[in-house]
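Please look over the sequence and the model first, and then go through the points grouped below.

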Amino acid sequence: MNDALPSGTDLQSGAFVLGEVIGRGGSGFTYLARDTVLHRTVAIKEFFPPGSSRIGVQVQSPAPIEYSKERAAFVQEARSLARFAHPHIVHVFAVWEENETAYLVTEFLDGRNLQDIVEARGALSQNEALQLIAPVCEATEAVHRGGLLHSDIKPQNIIRCYDGRVVLLDFGLTRPAVTGSYATTLLVPQNAAGTAGYAPLEQYSRVARTGTWSDVYALCATLWHLLSGNPPPDAPDRASGTPLPTLRSINPTVSAHLEHVLHSGLAMDALARPQTVRELWALLDPGASHFEQSQEGLPLAATPSSTRIAPPMPLNVSTRPSINDENAVGMLVVMSVILFVVFFLIMTQQF
Ligand SMILES: Nc1ncnc2c1ncn2[C@@H]1O[C@H](COP(=O)(O)OP(=O)(O)O)[C@@H](O)[C@H]1O
Ligand SMILES: [Mg+2]
């Protein structure tokens, strides 16, 4: 952490004051910080990629042209995030350039990332892992609905807050999604591979068909890590013959059904995977009947209804009135006609 800015450093002429470093990822340092104008605690990510150095507070890079391109992409991360107001996607507050680098302010998530949780506790039970991945599926589906791919879903980029909220962060590799099925999408140039172990093979190629199925792979690799304590082998190693270990021998709470779903989500052939998060969730939902059957005889009880995980929102939320509403309207019309006829007959008999 030698290169991190010291606690007490002012940014934006004192509008923000940095505290301790709370994270270090591929793009830089994340600090706990104080917003002195709004009087709240925030997190500030500073762009400081590997190879950077510092003279005073100013950041220097050995490759200025690439650096300024990457810094522009970092600012783009803020714009990608700003499109969402979702309980399971980190909320962004501001972004600016200063000290020859850029800063991204987000809400402070008081908790731990899933990688740290697994490192401290070891592999999680099937129930716990599914409870954690459900909100991440919801968040990822919202990202896809917004026309983007996250491209770097992994335990380190997911925080479980102490109040139980689970939040997806790090939109640094987010890119526009090409709509359509695997078979019909255009070739999309790739700039960055994502993270080894979680990225599917298509993300390693300079030209490849990435799509919602690529984030499906990363979601399954993340779930695999939660259940086994480690990510699956890197996709290029798997392509050259390294097999997936048998998950159930590592973690006996994993049902045969879940292991089967993970194998299909981690298929090297993108077409063999569930193509969307919604399809994946339909297979993962622990409340679904296939799960209850496949868990027979296992130490893990079926998820009680009070802890049933809500499925991700449907892709097309219909705004049509329900069938019951339509029936009620029909009934009212018929009743009005009958009343009118009765009234008419009474009137014509009187006069
Ligand atoms: N808003 C936040 N609140 C709390 N911790 C955070 C926040 N954002 C990031 N972190 C921590 O910092 C780490 C790195 O942040 P991340 O956004 O993933 O940066 P990078 O792009 O460098 O990987 C995360 O794994 C997490 O532990
Ligand atoms: Mg990260």
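Helix H2 (residues 114-121) lies across S9 and S11, running at about 85° to S9, where axes are lines fitted to C-alpha atoms, for helices over the stretch in contact, and angles run from 0 to 180 degrees between N-to-C directions. Helices (H or I, at least four residues) and strands (E, at least two) are DSSP runs, numbered from the N terminus. This is a predicted model, in which local features need pLDDT of at least 70 and side-chain atom pairs count only at pLDDT 80 or more, while totals for chains, interfaces and linings use all residues. Residues are numbered from 1 along each chain as its sequence is written, and chains are lettered from A and ligands numbered from 1 in the order in which they are written.

**The open sheet and its helices**
- The strands S9, S11 and S12 form, in the order S9-S11-S12, an open sheet of 3 strands with antiparallel pairing, two strands being paired if DSSP finds at least two bridges between them.
- Strand S9 (111-113) and strand S12 (166-168) are the edge strands, each of which pairs on one side only, and the twist averages 25° from one strand to the next.
- S9 is joined to strand S11 (residues 158-161) by 3 bridges, and asparagine 113 stands opposite isoleucine 159 in S11.
- Helix H3 (residues 126-145) lies across S11 and S12 and runs at about 40° to S12.

**The hairpin**
- Strand S7 (residues 92-98) and strand S8 (residues 101-107) run antiparallel and are joined by 6 bridges, with valine 95 opposite leucine 104 in S8.
- Between S7 and S8 the hairpin has 2 residues, and asparagine 99 in the turn has a positive phi of about 55°.

**Serine 255**
- Serine 255 is placed in the loop between helix H6 (247-250) and helix H7 (256-265).
- Serine 255 is buried, because 22 other C-beta atoms lie within 10 Å; a residue is buried if 20 or more other C-beta atoms lie within 10 Å of its own, exposed if 12 or fewer, and partly exposed in between, with C-beta atoms placed from the backbone.
- From serine 255 to glutamine 126 the distance is 7.9 Å, C-alpha to C-alpha, although the two are 129 residues apart in sequence.

**The chain and its confidence**
- The chain has 10 helices and 15 strands, and 37% of its 351 residues count as buried.
- The mean pLDDT, the predictor's confidence in each residue from 0 to 100, is 84 for the chain, and 77% of its residues reach 70 or more.
- Over residues 183-191 the pLDDT is below 50, and this stretch has 19 contacts in the model beyond near neighbours in sequence, a contact being two residues whose C-beta atoms, placed from the backbone, lie within 7 Å.
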